[in-house]
Amino acid sequence: MELTKALSRGIVLCDGAMGTQLINTGLPSGMPTACCNVICPDRILSIHKKYISVGAQAILTNTFEANRLKLKEHKEYSVKELFRFGVELARRASAGTDVMVFGDIGPSGNEESLLYSLQEGTVIANKAKQDLYDIYKEQVIALTEIGVDAILIETMSYLQEAILATKAAAENTEIPVICTMSFRTPPDSRQSDFRTFWGDTLPDVVNGLIEAGATGIGANCGDVVEEMPRLARQMRNMTTLPLVFQVNAGRAELDAETNQTVHRLEPAEFGRIISEVAAEGANVVGGCCGTTPNHIEAARRRLNR
Amino acid sequence: MTNVEELKQSIINAHKIREEIEGEGAIGATKRKVEGLITAALKEGTPAESVINDGLIAGMDVIGARFKKNEIYIPEVLLAARAMKMGMDILKPEIVNAGIKPIGKCLLGTVQGDLHDIGKNLVAMMLEGAGFEVVDLGVDVGPDKFVEQAKTQGVQVVGMSTLLTTTMPAMEKALKAIKDADVLVKIMIGGAPVTQNYADKIGADGYAADAASAVDLTKSLLS
């Protein structure tokens, strides 16, 4: 289904976490999770299908951080290959359903380029910006070659990079481009405004992403789980664009006894937060790190009420 | 304002320099400004040590304190650290001539299985900004490499970083390997999922929540 059509019918529920699901069942360490698209495609397929079976209306391709910088140490994989496999797996899982496939893109993880890009107007800044742009363009083209229903650029911590990524997407595809950033509230209670981890303010984020050509904006991950409804309200007051919110299951912790990663937010609590985020004006909602099919099922039930 | 005081202010305000010198590239502008102030200070007879301590390091101290209080964010810190580094490069011959030693030497790395390094790089910059010599082993560093480098580099402190909960056990492994090898170093850890509790549990000498705290911690581990 087309995203605009789906949105006209109401709230769209996305899937939950892929990475933490993979990690919990054992993941080759030291490589981007997207390498699983080639190593163990059946596991990806089965996770996609689980989310669809509990009511997800959109699933994200397993392509987070599969960019050429992250693959520098893993030359046996190419960006194109990982994205092609990622899209094909999501398409296969959703075949015969109305479920949409969002092409997932994560941050470059390269602060050196970002730093150079701060140095307005110099040759080195222009080169750094072009390099970053090309990193994103490559991923966008890989996603659109086979075909996805929207591009979702997510977990961005720095507005300048998010803007470059959004531009690279908007200028190289006709499908909707969504960009969501991660927010924190400063620990100092005197400053209660939301900021990204790199310090960008909410108005700057909203205006910057819209100007860059985003057709949807929002928030995901970050350490403001309980505050996501308030964040959605503030964003809704600044724009009429579709808002996309993907909430994590709390801060990742290592269980001292078992050495397993745990996220403490229970499915029922997650469902409550998701319904509040939707009530505050978010149009697309879903799970981020640590969420499971149980979380998405709980959200489905709350949204159906 | 003395040249050294002005140097300190240029480090603190490195992110504003591009606004001051319209149309000039900020890297070039920062370098010219820092270079001019250092040259003038040395010409007046200010000892290189004072240029470093009262200018460059004093500037980074303010940056660290403001970062901790969320008054400034990562971009401002990165630009200040870069200005500081430019200053140190300019002063290199003076440092050698005067026999000025770093206040300590640290080994840093992201642990095995983890490729994230923005946090670790920030710690490296802040430590250098505080006058430490830093040996950066990069990402995906295994226990053997930590041990070998800790033995041969003559460092006093080893800092380990990870962004993922799944690679936290690799931190414990590397820490145990260093302790088992009887290398006389203090070990500090950090990263998004790491806590003081975890540091206590695995027997690390310290935990820091952010790059500025890592500098304070390193100093206290050495005192």
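First, the ground rules. The model is predicted, so local features need pLDDT of at least 70 and side-chain atom pairs count only at pLDDT 80 or more, while totals for chains, interfaces and linings use all residues. Residues are numbered from 1 along each chain as its sequence is written, chains are lettered from A and ligands numbered from 1 in the order in which they are written, and side-chain values use heavy atoms, with hydrogens and water left out.

Let's start with charge. Side chains of opposite charge can pair when their charged atoms come close. Here, a salt bridge is a side-chain nitrogen of Lys or Arg within 4 Å of a carboxyl oxygen of Asp or Glu.

Take Arg264(A) and Glu253(A). They form a salt bridge, with the closest N and O atoms 3.2 Å apart. This pair links distant parts of the chain, 11 residues apart. Glu253(A) sits in strand E10 (residues 252–254) of chain A. Arg264(A) sits in the loop between strand E11 (261–263) and helix H11 (267–279) of chain A. A word on labels: helices (H or I, at least four residues) and strands (E, at least two) are DSSP runs, numbered from the N terminus. Glu253(A) is partly exposed, at 29% relative accessible area. On that scale, buried means under 20%, exposed means over 50%, and partly exposed is in between, using a 1.4 Å probe and protein chains only.

Next, helix H11 of chain A itself. Both Glu276(A) and Arg272(A) lie there, four residues apart, about one turn of the helix. Their side chains meet in a salt bridge, 3.0 Å from N to O. Glu276(A) is partly exposed at 33% relative accessibility. Arg272(A) is partly exposed too, at 22%. Which residues make up the network of salt bridges? Glu226(A), Glu269(A), Arg272(A) and Glu276(A) are linked in it.

Over to chain B. Glu128(B) and Lys85(B) form a salt bridge, and their closest N and O atoms are 3.4 Å apart. Glu128(B) lies in helix H6 (residues 118–129) and Lys85(B) in helix H5 (residues 74–98), so the pair ties together parts 43 residues apart in sequence. Glu128(B) is partly exposed at 25%. Lys85(B) is partly exposed at 46%.

Now the packing. Two packed helices are described by the angle between their axes and the distance between the axes. Axes are lines fitted to C-alpha atoms, for helices over the stretch in contact, and angles run from 0 to 180 degrees between N-to-C directions.

In chain A, helix H10 (residues 228–236) and H11(A) have axes that come within 8 Å and cross at roughly 10 degrees. That makes H10(A) roughly parallel to H11(A). Met228(A), Pro229(A) and Ala232(A) in H10(A) meet Ile273(A), Glu276(A) and Val277(A) in H11(A). Contact means heavy atoms within 4.5 Å.

In chain B, helix H4 (residues 48–68) and H6(B) cross at roughly 140 degrees, with axes within 9 Å. That makes H4(B) oblique to H6(B). On the H4(B) side are Ile57(B), Met60(B), Gly64(B) and Phe67(B), and they meet Leu122(B), Met126(B) and Gly129(B) in H6(B).

Last, two glycines in chain B. Gly119(B) lies in helix H6 of chain B. Is Gly119(B) buried or partly exposed? At 43% relative accessibility, Gly119(B) counts as partly exposed. Gly119(B) and Gly191(B) are 72 residues apart in sequence and 7.1 Å apart in space, C-alpha to C-alpha.

Gly190(B) is in strand E4 (residues 186–190) of chain B. Gly190(B) is buried, with a relative accessible area of 12%. What does Gly190(B) touch, not counting residues up to four places away in sequence? The contacts are Met160(B), Ser161(B), Thr162(B), Met171(B), Tyr207(B) and Ala208(B). Asp61(B) is 129 residues from Gly190(B) in sequence and 20 Å away in space, C-alpha to C-alpha.

Key:
Angles under 35 degrees count as roughly parallel, over 145 as roughly antiparallel, 65 to 115 as roughly perpendicular and the rest as oblique.
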